[in-house]
Amino acid sequence: MQNVENQKRESSTDMPSTSMRHETRSGAAFLASEDAAVQEEFLNSLSEQELMALPYLFDFWAMDHQLPPEGNWKNWVIMGGRGAGKTRAGAEWVRAQVEGAKPLDKGRASRVAIIGETFDQTRDVMIFGESGILACSPPDRRPTWHEGRKTLTWPNGATAQVFSAFDPESLRGPQFDAAWVDELAKWKKSQDTWDMLQFGLRLGDNPQVCITTTPRNVGVLKQLLKLPSTVVTHASTQANAANLAESFLEEVQARYAGTRLGRQELEGVLLEDAEGALWTSGMLEALRVDTPPELDRIVVAVDPAVTGGKSSDECGIVVVGAQTRGPVQDWRAWVLEDASVAGTSPTGWARAAIRAMETWGADRLVAEVNQGGDLVEEVVRQVDPVVPFKKVHASRGKGARAEPVAALYEQGRVRHLRGLGDLEDQMCRMTAHGYEGKGSPDRVDALVWALHELIIERAAKWRNPTVRSL
């Protein structure tokens with residue numbers, strides 16, 4: 001391939017033959033899985049022109065999430081984690097819109113808007129970056145950058161104009177038949193800029209937009225994803241591991257795997273906080289710690305799934321420890337593990353709860369018995385007849401029970417270890433009026449019972465020995 005690399009700068013790179021293009025989608029992944037003989041046979045079967053075109057044939061090298069979906073869509077959102085290959089996909093999509101079969105042939109688009117958060121970021125990442133348009137373009141199709149005009153011009157006459165999301169008004173007037181939008185979810189003026197772009201997409205038969213972004217809980221992205229004209233592809237950071245530094249992956253996985261921030265920034269998952277939520281993503285991220293201190297008490301709290309089987313609710317199992325020395329206002333708690341299980345029998349969740357107790361050396365198992373009554377304790381006793389066990393009964397709604405626990409977080413008296421992403425997702429959907437997510441907030445219920453047992457009830461009894469349970 002070294003000779004090919006030298007030749008491609010001197011020769012035209014027309015589109016490959018029809019027979020070759022049949023092999024393109026996911027071709028690189030297939031070829032990489034074959035032995036050296038098959039790989040050599042494939043390369044020897046290509047003409048000189050096809051070999052020269054191959055490094056720039058993105059359909060061959062791309063991962064599935066980097067290729068536009070089929071169908072008649074208007075907005076294609078590529079939503080992924082950091083380093084998932086979003087920028088490369090956006091740059092290659094622009095190429096696919098403006099380039100024709102030969103260097104001077106017209107493509108389907110000739111007036112493109114390229115929009116990033118700032119002008120400098122747009123130029124440095126989307127145009128000149130390692131995965132930007134210039135780096136992806138073959139020599140005979142490479143556009144020319146005009147700094148003063150903030151435009152790219154292709155050999156076939158197509159142009160792309162660069163805009164900053166900090167200046168929505170700059171989009172008033174120009175018109176386009178395609179647009180590439182990068183990191184929409186982090187723009188300060190995202191809604192205004194997006195609206196101005198829509199008014200300018202009025203050329204051609206079907207103006208389309210490619211949006212490459214790491215997800216954030218912002219209105220413009222959530223509204224965009226709900227549109228019937230929007231299609232989405234998704235990938236985590238790990239999906240592009242072959243093109244990322246191993247040390248980078250090790251570091252970010254060690255620091256953020258299992259956290260709510262990690263789910264957003266590494267897995268590329270859109271995490272929504274319910275309106276009026278008792279907890280927010282920002283609050284929880286600020287309370288993250290790596291290790292707990294020496295603890296006075298540890299409890300395992302259980303919100304049981306009374307019925308068993310694959311269709312049953314999750315059984316919330318949460319481990320929490322506390323320091324309760326000194327004045328009540330100095331008591332602190334650390335959420336140590338979310339050991340919740342799903343689709344298991346009552347005996348299965350009881351075993352999981354006992355394992356969590358043994359792992360952390362917990363002092364007591366606390367379980368809600370509103371639904372199962374004495375059956376809950378009977379199931380636990382079958383697994384461990386002498387386990388320290390306490391029944392709790394809910395006399396108020398979930399939101400009302402959760403409010404005093406949320407107050408502890410607001411006071412900075414609770415910390416979270418890493419690996420609690422699923423629990424934190426539920427927390428950010430819990431409001432004073434109830435749970436805004438799907439299903440039941442079993443993990444949050446278990447958390448509430450644990451913190452009630454360790455701090456709230458003990459503090460209340462400290463002040464008033466006749467206090468009633470939740």
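Predicted model: local features only at pLDDT ≥ 70, side-chain atom pairs only at ≥ 80, totals over all residues.

Glu453 and Arg297 join their side chains in a salt bridge, with an N to O distance of 3.4 Å. Glu453 belongs to helix H19, residues 442-463, and Arg297 to strand E9, so this pair ties together parts that are 156 residues apart in sequence. Both Glu453 and Arg297 are buried.

Let me turn to Asp290 and Arg418, whose side chains form a salt bridge at 2.7 Å, N to O. Asp290 sits in the loop between helix H14 (281-286) and strand E9 (297-303), while Arg418 sits in the loop between strand E14 (414-416) and helix H18 (421-427); the pair therefore ties together parts that are 128 residues apart in sequence. Are these two residues buried or exposed? Asp290 has a relative accessible area of 57%, over the 50% cut-off, and so is exposed. Arg418, with a relative accessible area of 26%, is partly exposed.

The next pair is Glu147 with Arg123, a salt bridge between side chains at 2.9 Å, N to O. Here, too, distant parts of the chain are linked: Glu147 is in the loop between strand E3 (144-146) and strand E4 (151-153), Arg123 is in helix H8 (residues 119-127), and the two are 24 residues apart. Arg123 has a relative accessible area of 18%, which is under 20%, and is therefore buried. Glu147, at 40%, is partly exposed.

Beyond these pairs, there is a network of salt bridges, which links Arg88, Glu92, Arg95, Glu99 and Arg141.

I come finally to the helix contact. Two packed helices are described by the angle between their axes and the distance between the axes. For helix H10, residues 190-200, and helix H11, residues 219-226, the axes come within 9 Å and cross at roughly 40°. Sorted by class, the contact of H10 with H11 has three nonpolar residues, three polar residues and no charged residues.

Thank you for your attention.

How values were computed: Residues numbered from 1 in each chain as written. Heavy atoms only, no water. Axes fitted to C-alpha atoms, helices over the stretch in contact; angles between N-to-C directions. Helix = DSSP H or I, 4+ residues; strand = E, 2+ residues; numbered from the N terminus. Nonpolar A, V, L, I, M, F, W, Y, C, P; charged D, E, K, R; others polar. Salt bridge = Lys/Arg side-chain N within 4 Å of Asp/Glu carboxyl O. Buried < 20%, exposed > 50% of the residue type's maximum accessible area, 1.4 Å probe, protein only.
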